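Dear colleague,

My findings follow directly after it.

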Amino acid sequence: MSTNRRKSSPMRSKPASAAEVVGDVLCSRVRALRTKKGWTLEEMSAACDVSRSMLSEIERGRANPTLAVAYRIAQAFGLSLDELIELPTVTHRLDVIRADDQSSYFRSDRYCRIRTLSPLHLEKAVEFYEIVLHKGGALKSEPHFEGAKELLTVRQGKVRVRSADESVELDTGDSAHYPADVVHAIENLGGGDAVLFLVVTYL
């Protein structure tokens, strides 16, 4: 999955959301850790396998990394995701992502809509998404980290899942678990939208 850029907005009249707080903390934290290591952006890019331009955007607060990218950055510094973010002390443990929260949309175009359902500061390397594949749409992915797997459940529609040389068709209510450290894809085979829930694990 690729990173999604934060949209510029006028000065907020309400308190920052949890996602905004996490994003701000992460941006400054990455910059501070890189400076402490004495790394250039090029050296950090080589260490975490994230492009120099993306790292620059993250440090300047112009992009929020996906969990996968944040996980790579944390690994480069020998940290867990929780240690990387070091959120300010909070008084509650309940995180909510509202259905109408536009900042949770990872991708939205005429082929596909992806909404993240998992907060950035998970202690485990897990990503949870709601995916809507429009008629004729497909989500094609390059290999993730070694050992990565995906668990897909079809809430509505019919899809084909491909993982390397294997493929299977899934109907409403079906689930599939498959390697994601190889080329893989999900294709909509139905005449309408396919609604899916996807969990990605990096172990």
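Strands β8 (residues 159–163) and β11 (residues 184–188) are paired in the antiparallel sense, with five bridges between them. Within this pairing, Arg 162 has Ala 185 of β11 as its bridge partner. Please note that the model is a predicted one.

Both strands belong to an open sheet of four strands, ordered β6-β11-β8-β9 and paired in an antiparallel manner. The edges are taken by β6 (138–141) and β9 (166–170); each has a single partner strand, so one side of each is left without a neighbour in the sheet. On average, and with direction ignored, neighbouring strands of the sheet are turned by 10° against each other.

I also examined two of the helices. Helix α2 (residues 41–48) packs with α3 at an angle of about 110°, and their axes are 9 Å apart. Because angles of 65 to 115 degrees count as roughly perpendicular, α2 is described as roughly perpendicular to α3. On the α2 side, the contact is made by Leu 41, Glu 42, Met 44, Ser 45 and Cys 48, while α3 contributes Arg 52, Leu 55, Ser 56 and Glu 59. Classified by residue type, this contact of α2 with α3 comprises four nonpolar, two polar and three charged residues.

Helix α3 (residues 52–59) is itself mostly covered, with six of its eight residues buried. The buried residues in α3 are Met 54, Leu 55, Ser 56, Glu 57, Ile 58 and Glu 59. Following α3 is Gly 61, which has a positive phi near 75°.

With kind regards

Terms used:
Residues numbered from 1 in each chain as written. Predicted model: local features only at pLDDT ≥ 70, side-chain atom pairs only at ≥ 80, totals over all residues. Heavy atoms only, no water. Buried < 20%, exposed > 50% of the residue type's maximum accessible area, 1.4 Å probe, protein only. Axes fitted to C-alpha atoms, helices over the stretch in contact; angles between N-to-C directions. Parallel < 35°, antiparallel > 145°, perpendicular 65-115°, else oblique. Contact = heavy atoms within 4.5 Å. Nonpolar A, V, L, I, M, F, W, Y, C, P; charged D, E, K, R; others polar. Pairing = 2+ DSSP bridges.
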